[in-house]
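The sequence and the model are shown first.

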Amino acid sequence: MRLTRRGRLVMIGLLAVPLLVVLWLTATARAGAGGPDSSDPSLRPGKTVVVGHGDSLWTIAQRERPRDDTQLLVRRIMDLNNLSTTIVRPGQRLRLPAHD
């Protein structure tokens, strides 16, 4: 079977349209989930800290807010800074959530 020029264009379209839809849906989902929800006061940006040598999200959370729930604060810092992992590097700037 041999495809005509029009047949090749139809085949390319049949392959390209679903791919473009998937890419669009992925980009839309990331944009919606990427930023903090401004209606949640725990995710409003507050103070900015610079990660030092030997720092982790856990040590930063304990040092900056010793009375807060450290695990919850680490999660909020990750959400506010769009971090997918707890690994941080010296010199990295992190926003902390504003105090309630």
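## Overall organisation

In this predicted model, residues 24 or more positions apart account for 62% of those contacts in the protein chain that have a separation of 6 or more. The secondary structure comprises 3 helices and 2 strands, and from the N terminus on the elements follow the order α-β-α-α-β.

Of the 100 residues in the protein chain, 23% are buried. The accessible surface amounts to about 7600 Å², and carbon and sulfur atoms contribute 59% of this area.

## Nonpolar patch and Val-10

Met-1, Leu-3, Val-10, Met-11 and Leu-14 together make a nonpolar surface patch of about 580 Å². One of these residues, Val-10, belongs to helix H1, which spans residues 5–34. Val-10 counts as partly exposed because its relative accessibility is 46%, a value between the limits of 20% and 50%.

## Arg-65 in the loop between H2 and H3

Arg-65 is located in the loop that connects helix H2 (57–64) with helix H3 (70–80). Its relative accessibility is 9%, and Arg-65 therefore counts as buried; the cut-off for this class is under 20%.

When neighbours within four places in sequence are left aside, the contacts of Arg-65 are Leu-73, Leu-96, Pro-97, Ala-98 and His-99.

The N-terminal end of H3 is capped by Asp-69, with a side-chain oxygen 3.2 Å from the backbone nitrogen of Gln-71. In general, an α-helix has 3.6 residues a turn, so residues three or four places apart point the same way.

## Asn-82 after H3

Which residue with a positive phi follows H3? The residue is Asn-82, with a phi near 55°. Most residues other than glycine have a negative phi; Asn-82 has a positive value although it is not a glycine.

Asn-82 lies in the loop between H3 and strand S2, the latter covering residues 93–97. With a relative accessibility of 48%, Asn-82 counts as partly exposed, because exposed residues are those over 50%.

Notes:
Residues are numbered from 1 along each chain as its sequence is written. This is a predicted model: local features need pLDDT of at least 70, side-chain atom pairs count only at pLDDT 80 or more; totals for chains, interfaces and linings use all residues. Side-chain values use heavy atoms; hydrogens and water are left out. Patches are made of residues with over 30% relative accessible area and no salt bridge: like charges are joined within 9 Å, nonpolar side chains (Val, Leu, Ile, Met, Phe, Trp, Tyr) within 5 Å. Accessible areas come from the Shrake-Rupley method with a 1.4 Å probe; for residues, only the protein chains shown count as cover. A salt bridge is a side-chain nitrogen of Lys or Arg within 4 Å of a carboxyl oxygen of Asp or Glu. Helices (H or I, at least four residues) and strands (E, at least two) are DSSP runs, numbered from the N terminus. Buried means under 20% relative accessible area, exposed over 50%, partly exposed in between (1.4 Å probe, protein chains only). Contact means heavy atoms within 4.5 Å. A polar contact is a pair of N or O atoms within 3.5 Å; within protein, one must be able to donate a hydrogen and the other to accept it, and residues adjacent in sequence count only if both atoms are side-chain atoms.
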